[in-house]
Amino acid sequence: MKNNNTSSKNIIIKYGIVLGIISIIYNLILHINTNFINNITLIEGLGDLAILTCIITYGIYTYKVTNNGFLELGKAIKIGVTIAIIGALTLIIYIILLMKVIAPEMKNQIVDTQYKRMIISNPNISQAEIEKNIVSIKTINSFYIKSIMALVSNLLFGFLISLIGGAIMSKKKYNTTINNEKQ
């Protein structure tokens with residue numbers, strides 16, 4: 001029994017770090033293409049979700065294979081959510097480095113881009129509304145909020161992916177002594 005727990009810990013750590021690294025690479029590509037400054041599109045969001053789905057599902061599948069083909073739904077959820085948390089924490093470290101060390105001017109670039117869009121879309125906007133919107137933009141794009149959003153979204157989607165994947169892949173071990181007694 002201890003062997004299964006050890007293998008699940010190894011799988012969780014391995015795929016959590018893989019999820020974090022792939023998410024960082026994906027976000028670096030977005031940053032290089034300046035899509036981090038512009039609004040993330042639906043397609044880019046779906047790409048992030050696809051990465052999360054593939055890594056969590058494969059991590060759960062790997063555990064099932066190492067556990068002789070058996071998987072309980074609760075264990076699948078535990079594995080998937082923990083992979084998502086480790087991936088999110090790895091991504092949060094990247095977000096902090098990006099916004100504090102690599103590109104500290106990024107927040108100002110986001111505000112400038114949003115300001116220009118505000119003026120173009122509504123040329124009659126008042127100065128008070130502009131200032132209110134800029135405060136909101138700065139708050140939403142702070143590394144605290146981005147980090148919280150990364151963690152919460154990974155937890156939510158990680159749970160849903162684990163629940164669905166675990167329900168599809170689950171296969172319980174049956175106690176052979178109980179089955180033998182019934183015969």
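This is a predicted model: local features need pLDDT of at least 70, side-chain atom pairs count only at pLDDT 80 or more; totals for chains, interfaces and linings use all residues.
Student: What percentage of the residues count as buried?

Tutor: Of the protein's 183 residues, 39% count as buried.

Student: Which elements make up the protein, and in what order do they run?

Tutor: The protein has seven helices and zero strands. From the N terminus on, the order reads α-α-α-α-α-α-α. Among contacts between residues at least 6 apart in sequence, 80% join residues at least 24 apart.

Student: Which residues have the most contacts inside the largest nonpolar core?

Tutor: A nonpolar core is a set of buried residues joined through side-chain atoms within 4.5 Å. Here the largest one has 19 residues, and Ile56, Ile60 and Ile83 have the most contacts inside it. Helices H1 (2-32), H2 (42-66), H3 (73-102) and H6 (143-169) each supply at least two residues of this core. A second, separate core has 18 residues, including Leu91, Ile125, Ile130 and Ala150.

Student: What does Ile56 touch, beyond residues up to four places away in sequence?

Tutor: With those left out, Ile56 touches Gly80, Ile83, Ala84, Gly158, Ile161 and Ser162.

Student: Is Ile77 buried or exposed?

Tutor: Buried means under 20% relative accessible area. Ile77 is buried because its relative accessible area is 18%. Ile77 lies in helix H3 and, neighbours within four places in sequence aside, is in contact with Phe159, Ser162 and Leu163. C-alpha to C-alpha, Ile77 is 8.7 Å from Gly165, although 88 residues separate the two in sequence.

Key:
Residues are numbered from 1 along each chain as its sequence is written. Side-chain values use heavy atoms; hydrogens and water are left out. Buried means under 20% relative accessible area, exposed over 50%, partly exposed in between (1.4 Å probe, protein chains only). Helices (H or I, at least four residues) and strands (E, at least two) are DSSP runs, numbered from the N terminus. Contact means heavy atoms within 4.5 Å.
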